[in-house]
Amino acid sequence: MTWMGYYPTIRSCNQVIDLAGDNEEYAKYRGIAKAYRAYFYLDLARLYDPLYAEAPANPTYTDKLLGDGVQGLTVPILDESFIGEQGEEMAKNNPRRTREEMFNFIFADLADAEACLMEYARANASEPNLAVVYGLYARAYMWLGGQAFVEDGLNGVHPSGTDAYALAAEYAQKAIAAHGGSIMSKEEWTSITSGFNTVVPSWMLALICSTDTVVSNLHQNPAHLSPELLAGYFPHTLPGVPSNWYDKIREDDFRKLLIKGPKTTYAQFANYTSMSQGEFDALPPYIFFKYRPALGNRNDNMTAGAVSLPLMRIEEMYFIEMEAIYHTQGASAAFDKLRAFMLNRCDDYYAVLPDADVLEEI
């Protein structure tokens, strides 16, 4: 996925950035491409950055990383300078970049994207806008806040710990304000025809597929994650949720309506599925009916596979804000934010928790 997915898409971003150049007429294209490039490199940085080990069974792991010389390294950076005849040769001598170098690069892309997209009104949710740029800042600062990176000397000028968490909360709030959409409602979550396959106001950034982009009955999201699609991998793999996660969800949380519990009957579930009772009863417990085939179509793969998928939701920004506030303002302030949010999902959300458990509850 890294080689065949991320880097070819980064190459596409580089081509747009190279073509747009400094031409102000094409600034919006440069901004979109730089926002996406920052998105992809942030994913890669978080995937490959080797963090300090916490497993007590392997106390020498961190020492081994330091000995191997990979502590604080992320991935190679290929930008628009790699386009052209010399690009391939340059790429052969392009080592993994330090965390400091990577985040310098990501933040530079985000700063330019912010300037380019300040007044941009996008055509649809597949195009990053100012809210998405702020959301990427929030993700980046959450990562830097999660570790005491200053200890390994590879974070340079970027904040870490509490300082980074404060910026994560700030940018999450800016993303929420810039986006303006509400969180997903019960009706949007539980729709048999449009549940998690259609752009709704909470989605800040989305992958939008059309019928002509569906390659086959298997190269599509519903084939893997939609219980109701009749042709695909789902009947063979049956992905669901962990039982302990199911048990932690409150009974009045409407998201639980979409999970077949160990005691859930078809009569209880009938309003939330297009399956027959025989099909439903044959499923094991903990199957999650979150992702629906497009238009609820169970039979026509070309139609069913033309779904939209969220890449960033406003809900994520609320939870980044809560977690960051927990680390900067304390458990009580964070729980106040959590309760205000959860009242949208539960009739009467309440909890009496020790401060130490608030982060886990978030």
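I started with Arg-37, which has 1% relative accessibility and so counts as buried, the cut-off being under 20%. I am working from a predicted model, and I keep that in mind throughout.

**Entry 1: partners of Arg-37**

What does a buried arginine pair with here? I looked up Asp-109 and found a salt bridge to Arg-37, with the closest N and O atoms 2.7 Å apart. Arg-37 sits in helix 2 and Asp-109 in helix 5, so this pair ties together parts 72 residues apart in sequence. Asp-109 is buried, as Arg-37 is.

I then checked Glu-80, whose side chain also meets that of Arg-37 in a salt bridge, at 2.7 Å from N to O. Glu-80 belongs to the loop between helix 3 (61-68) and helix 4 (87-91), while Arg-37 is in helix 2, so the bridge ties together parts 43 residues apart in sequence. Is Glu-80 buried or partly exposed? With 26% relative accessibility, Glu-80 counts as partly exposed.

**Entry 2: Arg-30 and Asp-112**

Next I turned to another pair, Asp-112 and Arg-30, and noted a side-chain salt bridge of 2.9 Å, N to O. Asp-112 lies in helix 5 (residues 99-117) and Arg-30 in helix 2 (residues 27-48), so the two tie together parts 82 residues apart in sequence. I found both Asp-112 and Arg-30 buried. I also see that Lys-34 joins Arg-30 and Asp-112 in a network of salt bridges.

**Entry 3: charges overall**

How many salt bridges does a search of the whole structure find? I get 17. For charged side chains, I count 28 positive and 47 negative, and the centres of the two sets are 5 Å apart.

**Entry 4: the whole fold**

I stepped back to the secondary structure, which comes to 17 helices and two strands. I compared the radius of gyration with the globule rule: a compact globule of 362 residues would have a value near 21 Å, and the protein has 22 Å, which agrees. Along the principal axes, the C-alpha atoms fill a box of roughly 60 × 55 × 45 Å.

I noted that 48% of the 362 residues are buried. Of the contacts between residues at least 6 apart in sequence, 67% join residues at least 24 apart. Last, I looked up the surface: the protein exposes about 17800 Å², with carbon and sulfur atoms supplying 53% of that area.

Note on methods:
Residues are numbered from 1 along each chain as its sequence is written. This is a predicted model: local features need pLDDT of at least 70, side-chain atom pairs count only at pLDDT 80 or more; totals for chains, interfaces and linings use all residues. Side-chain values use heavy atoms; hydrogens and water are left out. A salt bridge is a side-chain nitrogen of Lys or Arg within 4 Å of a carboxyl oxygen of Asp or Glu. Helices (H or I, at least four residues) and strands (E, at least two) are DSSP runs, numbered from the N terminus. Buried means under 20% relative accessible area, exposed over 50%, partly exposed in between (1.4 Å probe, protein chains only). The radius of gyration is taken over C-alpha atoms; the globule rule is 2.2 Å times the number of residues to the power 0.38. Contact means heavy atoms within 4.5 Å. Accessible areas come from the Shrake-Rupley method with a 1.4 Å probe; for residues, only the protein chains shown count as cover. Lys and Arg count as positive and Asp and Glu as negative; His and the chain ends are not counted. The place of a charge is taken as NZ of Lys, CZ of Arg, CG of Asp or CD of Glu.
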